[in-house]
Amino acid sequence: MSATTGTSSDVELRGPVEGRAAEILTPEALAFVASLQREFGAERLRLLAAREERQAELDAGALPDFLEETREIRDGDWRVAPVPDELQDRRVEITGPVDRKMVINALNSGARVFMADFEDANSPTWQNNLDGHVNLKDANEGTISLDTGEKRYELGDDPAVLLVRPRGWHLPEKHALVDGERMSASLFDFGLYVFHNRERPWFYIPKLENHREARLWNHVFDYAEDELGLDRGSIKATVLIETVLAAFEMDEILYELRDHIVGLNAGRWDYLFSLIKRFRSRPDFVLPDRAQLTMTTPFMRAYTELLVKTCHRRGAHAMGGMAAFIPSRRDPEVNEIALAKVQEDKVREAGDGFDGTWVAHPDLVPVATEVFDHFLGDKPNQVDRQRDDVDVGASDLLDLRVEGGEITDEGLRTNVSVGVRYLESWLRGVGAAAIDNLMEDAATAEISRSQIWQWVRHGEITAERAREVLDAELPEGGRFREAREVFERVALADEFVEFLTLPAYDYID
């Protein structure tokens, strides 16, 4: 392979292969990821086309419901395969991108699990992705360190358990072509990681829409185990339930992945984005300001309680949502108010039966741990706690009324500010951005831009007003001009853009 582009007999690489990247992009690894693409690429495209067909049905007025054809699965008495000992206690998980300093700090944070993220918290530049794989390989080998000249970072004695989130089915990897076509970013990320890290091939799977997409992942896992000589069920996954359609198929998703799955996660921010996206044509489903969409609204309560009930019935873990607050070193008053809200949120989750939760910053690990320690005591989890008191129907998941909810000019300004500032950060290669004491990632930016699209579509605001706010909020310098171009394209276009990262991807590398 050359220093600027690489070609193997299996994959055409359109990006630099320099330094330690060559340790990841070996001929054997590339042959493996190419085989994944050839085996499963066509089915991936078919399932993505089915998403478009389903959206057309929703636009025509259809509403989702629990599937009649899978009733036997929902009514059946079955459980997922046993959970490995190292994944029994997941009371606090920290998430973040795959840059070297983050990986070390997260593994040393005191959290039980670190979810290393190639997806929403990572800007998928070629260098970010390759460096990320090097970092995770070093982490698994226990050799990862970093010397900045001012400080040395090394792995501690009791690091968190490492799980990896590849990119979603919808994303391509433009730097890796198989048979002349961009390969699936999901298969690229998964394939490289599992090829180089076979001892604990544990994953988080994002943005599934239905059990058929879960079935495809199950086929991928089985194939990888066979090709790499792993025992059946060695690959373990937690699936994020972060789309409204998947919320109707939680039992079915667990069933399809029953040899490999260990839990479901309530991906709250993407779930809100999914509600807006899938019901974008309905004026009766217009949501108010993001700040008013709390986890105590009835439709969010229904979704999370159903997740706990479903998981525990099947012997799987139920993982709670993200606490995105970033403590301030300079403003103790802000910290006091925000940390009280974080604690309240985690008390609600633990009280509902969740087995663990997510935080975005190491300083939140002790706060969340204290709450779950109180509820769990000596137990590693509360999977044995059945939520037979929960009875959630389709109407509960789809009742999007928010008492006292309103659309305000402040909400518009927040959405514009967060959306544009996050996009500018993403275009510079930073996928987890600290904005106004919150860790913003692609999911929260998606909420920001999709709300504006929805509000314009249904006459709550005008496109002209949105552009006025853009003019007022847009900073100078950086890549803000390009960020505005992308933001207008995904927030103010006539047709809804499925994911903002798809057009934004053309602006990097």
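**Terms and their grounds**

Modeller: Let us begin with leucine 87, which touches Val161, Leu163, Trp202, Lys236, Val262 and His317, leaving aside residues up to four places away in sequence. This is a predicted model.

Colleague: What makes these residues count as touching leucine 87?

Modeller: The term contact requires heavy atoms within 4.5 Å. Val161, for one, is among the residues that leucine 87 touches. The C-alpha atoms of leucine 87 and valine 161 are 7.8 Å apart in space, while the two residues are 74 residues apart in sequence.

Colleague: Why is leucine 87 called buried?

Modeller: Buried means under 20% relative accessible area. Leucine 87 has 0% relative accessibility, and therefore counts as buried. Its place is in the loop between helix H3 (71-75) and S3.

Colleague: Why is aspartate 179 called exposed?

Modeller: Exposed means over 50%. Aspartate 179 has 60% relative accessibility, so the residue counts as exposed. Aspartate 179 lies in the loop between strand S8 (172-178) and strand S9 (181-184).

Colleague: How do you know that the span of H12 is close to the expected one?

Modeller: The expected span is 1.5 Å times one less than the number of residues. H12 has 21 residues, for which 30 Å is expected, and the helix reaches 30 Å from its first C-alpha to its last. H12 is followed by glycine 353, whose phi is positive, near 110 degrees.

Colleague: Which elements do the buried residues of H12 pack against?

Modeller: They pack against H10, helix H11 (298-313), S13, strand S14 (356-359) and helix H13 (365-376). The buried residues of H12 include Asn335, Ala338, Val342 and Asp345.

Colleague: What is the volume of the largest pocket, and which residues are the closest to its centre?

Modeller: The largest pocket has a volume of about 1,200 Å³. Of the 36 residues that line the largest pocket, Trp269, Ala291, Thr294, Lys341 and Leu438 are the closest to its centre. H12 gives the most to this lining, with eight residues.

Colleague: How does the lining of the largest pocket divide by class?

Modeller: The lining of the largest pocket has 16 nonpolar, nine polar and eleven charged residues. The second largest pocket has a volume of about 670 Å³. The lining of the second largest pocket divides into 17 nonpolar, eight polar and eleven charged residues.

Colleague: How confident is the prediction, in terms of average pLDDT?

Modeller: The pLDDT scale runs from 0 to 100. The protein averages a pLDDT of 96, and 98% of the residues score at least 70. Over residues 1-7, however, the pLDDT is below 50. Where pLDDT is low, the predicted coordinates should not be read in detail.

Notes
Residues are numbered from 1 along each chain as its sequence is written. This is a predicted model: local features need pLDDT of at least 70, side-chain atom pairs count only at pLDDT 80 or more; totals for chains, interfaces and linings use all residues. Side-chain values use heavy atoms; hydrogens and water are left out. Helices (H or I, at least four residues) and strands (E, at least two) are DSSP runs, numbered from the N terminus. Buried means under 20% relative accessible area, exposed over 50%, partly exposed in between (1.4 Å probe, protein chains only). On a 1 Å grid over the protein atoms alone, a cavity is a set of points where a 1.4 Å probe fits but cannot get out, and a pocket is an open set with protein on both sides within 12 Å along at least five of seven lines; lining residues have an atom within 4 Å of a point. Grid points are joined across faces, edges and corners, and a volume is the space filled by probe spheres set on the points. Ala, Val, Leu, Ile, Met, Phe, Trp, Tyr, Cys and Pro count as nonpolar, Asp, Glu, Lys and Arg as charged, and the others, Gly among them, as polar.
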